[in-house]
Amino acid sequence: MRRVYMDHAATTPMHPEVVTAMSEAMAGVFGNPSSLHAWGREARKALEEAREKVAALIGAEPGEIVFTGGGTEADNLAIKGVARANRERGRHIITSAVEHHAVLHACGDLEKEGFRVTYLPVDGQGRVSLDALSESLSDETILVSIMAANNEVGTVQPIAEIARLAHERGAYLHTDAVQAVGQIPVDVKEWDVDLLSLTGHKFYGPKGVGALYVRRRTRVLPVISGGGQERGLRSGTQNVPGVVGLGKAAELAEAELAGRARHAAALRQRLWEGIQRRVPGVVLNGPPLERLPGNLSLSIAGVEGEMLLLNLDYRGIAVSAGSACAAGSLEPSHVLRAMGLPRETAVGSLRLSLGRDNTEEDVDYVIDQVASAVEKIRSLQVGAAGH
Amino acid sequence: MSGGVDSSVTAALLVQEGYDVIGATMQTWPDLGDEVEEVRQGGCCSISAVDDARRVADKLGIPYYVLNFKENFQERVIDYFLREYTQGRTPNPCIACNRYVKFDELLRRARALDADYVATGHYAKVERDEALGRFVLRKSVDRGKDQTYALYNLTQSQLAHTLMPLGYYEKTVTRRIARELGLATANKPDSQEICFVLDNDYKRFVAEKAPEAVRPGPIMDTRGHVLGTHTGLPNYTVGQRRGLGLAAEKPLYVVDLLPEQNALVVGSGDEVLSDRLEADDLNWIAFEQPDGPFAAEAKIRYGATPVPCLVTPRSDGSVHVDFSRPLRAITPGQAVVFYQGDLVVGGGTIQRGR
């Protein structure tokens, strides 16, 4: 049975060169980067080289990169760190209804600490309204957090515009760029953002390692306290092999960025056209153009996403649908509901996300299997709205 | 797979027999968000149960999914449960779950995954009886654990796609198999509660979810004299003696619940006995339809001993049942299930207990 992984938005396999770089670091560079001796200095050197590569990928200075344990941690540091450091200046935070749960729940935690949070609505394609943002901004606003690209439907937000509006009112701008980094060009100077989150496992690097870009002179308090590593913003001995992997992945992403985008877009087009041809009653979720090149989010009438997902899993194909709740069963995505999709459509949604390792044969196999699974499920009329 | 020893061993036995097995847990409980983790630990149907089931599936090398059954279960089981109490009846949610969820919606989803059967850890035998030309349900080998009372609603097409291997095993043997296979759940205690009322306080549950059903009202004797006040009909069940709050020379028992008047009727020990009942919403397994009165043994509740009776079908599909001796507390809303030896003939819902 052919096995096809088409869930790159959830995570990506590590690039072979990343694995090599990490193995070498694990075997050879074990010192604590904070130690003064030669072993420490060697580890420190590996850390700083990786820092430079990550900075280069997003157009930042190396000194502006803080290594964290992933994107969720970076989001928490950005949002809670900025809010708590600036609470004398204001208590209002603006974010969007389609953010990742890390951002939404970090904001939720801050609401319990006395902050007021506005969750901006989005249009039917998942785009944040700049007018709604303008209206929401006030002198009380200290932070705006809007993701660069959405993980469910791939919508790319106009971050530079958002930054301009936020700065006009004296608020910091944080962007969760976890999905965008490595897929589309990201430049913190061009966008003029103050904080940006990224994580290795979305661009062929390791899991459990990420970074927060913190522009110089941004007022931010750490969430994790301790020995003062990472400019005091994230204490704890750094995960040197992980960071080395992150750096390598960043280096490869920068070199291959244009090629990866072209490859993903071409396959996505082939996949979309093929599914449309073979499956009646399918619609695209999100904008046709300003979206991540590898993301295909669609809704299939009369077919529950959960059933389709399991069926495809049984045929060796990995895709995603909705979001898994704590127990592990699927709930319709909050993003699709925020976009105004009716419940039956949201429940019938599937996300396929292509990566550098997918081929035309993969795409053709998936088209076949999706068509056949949909036909079977429709004929059995399983649990779609109304049962 | 509930995370318990029965469904774990069922999966293991089927894998050993060469079936292509997929493990699944139906998530029937709501997501809790901020609630403290302790509340959900232990017992059937919780995140820790999912963890247990997943570990067993991993050990057996089978795929494992948690399926979203929240809406389906709410509608078909929980709402039914609350509705019955509101109508002065005592519900049996496991029967509703088997009928509408486990062997209906779950079976549909299983077929969509190309599965031929849904298998469960029920203590019951599902067999093809060539003499009758039908699929039949029989009591399990372990008579103490027999669960056929809750399974009488299964239709031929459902039975054709059901496997219940534990019908052939004593529970002690099931546990031994679990230990031999090194399953983590071997020593897990059996869960006894209603799966969606974790603390088993169903009165609290009904009061919270259907407060309009729990209103104080009059307690009357069988001649209509008011003797006192009850705290809400769902807090009582036919045959109940304790908790009435009445002083009387002779013991008083709940005889009837009258939801239209919100009244509780109590009577003497004799008045709670009856040797007949009416039932409807019948499902027949041993035959297509009864072609006349027949003799059987009937259970009027899960834990009852089967009692010989005569079942007389009516033209509207309901049945009248006469028992060989008076029974205590025949309760509307409960099921009456008819047996001939270990064969389940069929069953229905008790409408009147006299």
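Biologist: Let's start with two helices: do tell me, are α12(A) and α4(B) roughly parallel or roughly antiparallel to each other?

Modeller: Happy to, with the reminder that this is a predicted model. The axes of α12 (residues 360–380) of chain A and α4(B) come within 9 Å and cross at roughly 150 degrees. Angles over 145 degrees count as roughly antiparallel. The relation of α12(A) and α4(B) is therefore roughly antiparallel.

Biologist: Is the crossing of α12(A) past α4(B) left-handed or right-handed, and which residues of α4(B) make the contact?

Modeller: α12(A) passes α4(B) in a right-handed crossing. On the chain A side, the contact is made by Lys376(A), Ile377(A) and Leu380(A). Across from them, α4(B) supplies Arg108(B), Arg111(B) and Ala112(B).

Biologist: Now to the domains of chain B: how many residues does domain 2 give to the contact with domain 1?

Modeller: Chain B is divided into domain 1 (5–180), domain 2 (215–268) and domain 3 (273–352). The centres of domain 1 and domain 2 of chain B are 37 Å apart. Domain 1 of chain B brings four residues to the contact, and the count from domain 2 of chain B is six.

Biologist: Good. In the hairpin of β4(B) and β5(B), which residue takes a positive phi?

Modeller: β4 (residues 124–129) and β5 (residues 134–139) of chain B run antiparallel and are joined by six bridges. Within this pair, Lys125(B) stands opposite Arg138(B). The hairpin has four residues between the strands, and the residue with a positive phi, near 70 degrees, is Gly133(B).

Biologist: In the open sheet of four strands in chain B, which are the edge strands?

Modeller: The order of that sheet is β8-β7-β10-β9, with mixed pairing. Each edge strand pairs on one side only, and these are β8 (226–230) and β9 (253–258) of chain B.

Biologist: Staying with β8(B), which of its residues stands opposite Ile219(B)?

Modeller: β7 (residues 217–221) of chain B runs antiparallel to β8(B), and four bridges join them. Opposite Ile219(B) stands Gly228(B).

Biologist: Last stop, chain A: which helix lies across β9, β10 and β14 of chain A?

Modeller: Those strands form an open sheet of three in the order β9-β10-β14, with antiparallel pairing. β10 (residues 295–300) of chain A pairs with β14(A) over five bridges, and Leu298(A) has Leu350(A) as its bridge partner. Running at about 15 degrees to β10(A), the helix across these strands is α8 (residues 240–278) of chain A.

Note on methods:
Residues are numbered from 1 along each chain as its sequence is written. Chains are lettered from A and ligands numbered from 1 in the order in which they are written. This is a predicted model: local features need pLDDT of at least 70, side-chain atom pairs count only at pLDDT 80 or more; totals for chains, interfaces and linings use all residues. Domain bounds come from an automatic or database domain assignment. Two residues are in contact if their C-beta atoms, placed from the backbone, lie within 7 Å. Axes are lines fitted to C-alpha atoms, for helices over the stretch in contact, and angles run from 0 to 180 degrees between N-to-C directions. Angles under 35 degrees count as roughly parallel, over 145 as roughly antiparallel, 65 to 115 as roughly perpendicular and the rest as oblique. A crossing is left-handed if the near helix is turned anticlockwise from the far one by less than a right angle, and right-handed if clockwise. Two strands pair if DSSP finds at least two bridges between them.
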